[in-house]
Amino acid sequence: MSGTINLDFDNVKDFISESDLNSIEEKIYHANNLIKEKTGPGKEYLGWLDLPFQNDDDIPKFNETVEEIRLEADVLISIGIGGSYLGARSVIEALQPNFISCGGTRPQIHYAGFNIDSGYLTDLLKLVKNKNCWVNVISKSGTTTEPGIAFRVIKSMMEKTYGKALARKRIIATTDHSRGALKQMADQEGYTTFVIPDNVGGRFSVLSPVGLLPISVAGIHAKVLLNGALDMAEKLNNNSIFDNLANLYAGIRYLLYQKGKSIELLANFSNKLMFFAEWWKQLYGESEGKDGKGIFPASVNFTADLHSLGQYIQDGRRDLFETFLIVDHIDNDVMVPDKKNNLDGLNYLAGKTFHEINIQAYKATAMAHKSGGVPNMTIHLPELNAYWLGQLIYFFEKAVAVSGYMFGINPFDQPGVEAYKQNMFRLLGKPGIKK
Ligand code: PA5
């Protein structure tokens with residue numbers, strides 16, 4: 001694969017200096033050592049580092065299952081929330097056509113269990129009626145409410161449609177190897193199961209069966225995604241700031257945060273990357289936001305949001321910085337046609353492609369925001385394909401681990417997400433929860 005992912009940080013140089021970067025060398029070194037030597041907080045959750053290198057015993061079973069679903073199903077309903085859902089959806093949406101009818105692959109992948117919205121579930125059930133359906137229910141704990149209740153409904157629909165015996169064959173469970181209600185149910189019902197390794201947390205699990213099953217069913221080559229991740233893992237295997245993209249990105253973010261830039265906008269100029277930003281937000285928000293610290297991760301879709309949030313970014317509170325995600329080369333470009341009468345005055349763009357114009361829009365935005373006091377950096381992706389996405393995923397995962405240790409927090413736990421759950425359980429009268 002030619003080209004490389006790179007990080008252009010010219011537009012932060014007015015805000016942080018090279019000596020600022022040199023001053024955090026030791027911090028970066030220390031953070032890298034905590035990861036390498038597995039001695040930092042949350043060290044028992046570093047299994048994601050090795051996912052691209054693994055020669056999984058489950059591979060023949062995995063391939064057979066994917067092949068069977070691809071052969072038979074019109075639809076795969078993937079049920080999960082947070083880390084059990086966002087990774088797969090981000091890769092699938094990035095690599096499939098914008099509209100299913102424009103050559104989207106069969107089976108189509110639909111999602112459930114990531115909300116408690118009855119209207120959504122009702123519509124989904126209508127959509128899949130009379131379609132040949134398979135289900136992948138994904139939950140590491142096996143006890144999460146949202147996917148749990150969605151699965152109850154979808155399981156009933158499957159049993160009603162296919163009968164109990166056939167429904168069982170069409171339900172795949174991805175869960176812990178021994179714990180949780182889903183594991184117990186899967187064993188009792190005899191579902192095909194895939195294991196989420198103990199040492200891999202939800203938001204770091206996209207390169208495990210959690211992400212790889214739906215991704216493969218969507219016709220994306222998991223091996224290519226993993227190869228990208230593996231190549232990136234090898235590139236990031238050093239402690240340097242300037243020769244290690246993850247350290248550089250983590251270091252720049254850390255310094256910007258010290259200078260009061262506490263909100264990061266991941267900004268894409270490509271519709272297909274909207275969901276990738278959702279995955280990134282969970283990865284960074286859940287990993288860093290604790291002990292009163294952390295950069296708040298937000299996302300914007302340009303150029304659309306330049307017409308809504310652009311004003312704030314240019315001119316509002318100066319606590320923002322931006323990370324642009326730019327795809328350098330695209331296929332299927334569209335050219336602006338020449339019009340003799342030039343009624344709209346746009347002939348100056350005739351002969352230019354949308355991609356060329358989009359790139360100029362990005363450059364114009366980066367310049368304007370920098371001069372408005374918003375430092376920005378750009379991650380360049382040579383193309384939008386499985387290989388480069390594999391690299392990007394691993395890069396962001398490694399960078400957030402380094403970053404979390406630089407902030408002095410445990411990047412691998414998420415104690416804060418329990419607070420709303422306890423309240424909800426109390427309100428709903430869950431047995432064993434105090435009123
Ligand atoms: O990153 C995490 O650990 C969480 O976002 C979980 O993935 C999410 O809460 C879903 O949990 P589970 O897979 O146990 O259903």
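Predicted model: local features only at pLDDT ≥ 70, side-chain atom pairs only at ≥ 80, totals over all residues.
I started at Thr-303, which sits in the loop between strand S8 (296–301) and helix H13 (310–315), where helices (H or I, at least four residues) and strands (E, at least two) are DSSP runs numbered from the N terminus. The peptide bond that joins Phe-302 and Thr-303 is cis, with omega at about 10 degrees.

Residues are numbered from 1 along each chain as its sequence is written, and side-chain values use heavy atoms, with hydrogens and water left out.

I looked up Lys-38 and found a phi near 55 degrees, a positive value in a residue other than glycine. Lys-38 belongs to the loop between helix H2 (25–36) and helix H3 (59–72), and Lys-38 counts as partly exposed because its relative accessibility is 37%; on this scale buried means under 20% relative accessible area, exposed over 50%, and partly exposed in between, with a 1.4 Å probe and protein chains only. Asn-332, again not a glycine, has a positive phi of about 55 degrees and is placed in the loop between strand S9 (320–327) and H14. At 73% relative accessibility, Asn-332 counts as exposed.

I turned to Thr-323, which lies in strand S9 and is buried, with a relative accessible area of 0%. Which side chain makes a polar contact with the side chain of Thr-323? I found that of Glu-264, at 2.6 Å; a polar contact is a pair of N or O atoms within 3.5 Å, and within protein one must be able to donate a hydrogen and the other to accept it, while residues adjacent in sequence count only if both atoms are side-chain atoms. Leaving aside residues up to four places away in sequence, Thr-323 touches Tyr-249, Glu-264, Leu-265, Leu-266, Ala-267, Met-377 and Ile-379, contact being heavy atoms within 4.5 Å.

I listed 13 residues around the ligand, the closest being Ser-84, Ser-139, Ser-141, Thr-144 and Gln-282; a residue is near a molecule if one of its heavy atoms lies within 4 Å of it. By class, this shell has one nonpolar, nine polar and three charged residues, with Ala, Val, Leu, Ile, Met, Phe, Trp, Tyr, Cys and Pro counted as nonpolar, Asp, Glu, Lys and Arg as charged, and the others, Gly among them, as polar. Ser-84 places a polar side-chain atom 2.6 Å from an oxygen atom of the ligand, and Ser-139 also has a polar side-chain atom 2.6 Å from a ligand oxygen atom. For Ser-141, an N or O atom in the side chain is 2.7 Å from an oxygen atom of the ligand. Taken alone the ligand exposes 380 Å², of which the protein buries 86%, by the Shrake-Rupley method with a 1.4 Å probe.

I read the chain as divided into domain 1 (6–39 + 225–413) and domain 2 (49–220), with bounds from an automatic or database domain assignment. Their C-alpha centres lie 30 Å apart, and the contact takes 32 residues from domain 1 and 26 residues from domain 2.

I located Gln-360 in helix H14 (residues 354–371), where Gln-360 counts as partly exposed at 47% relative accessibility.
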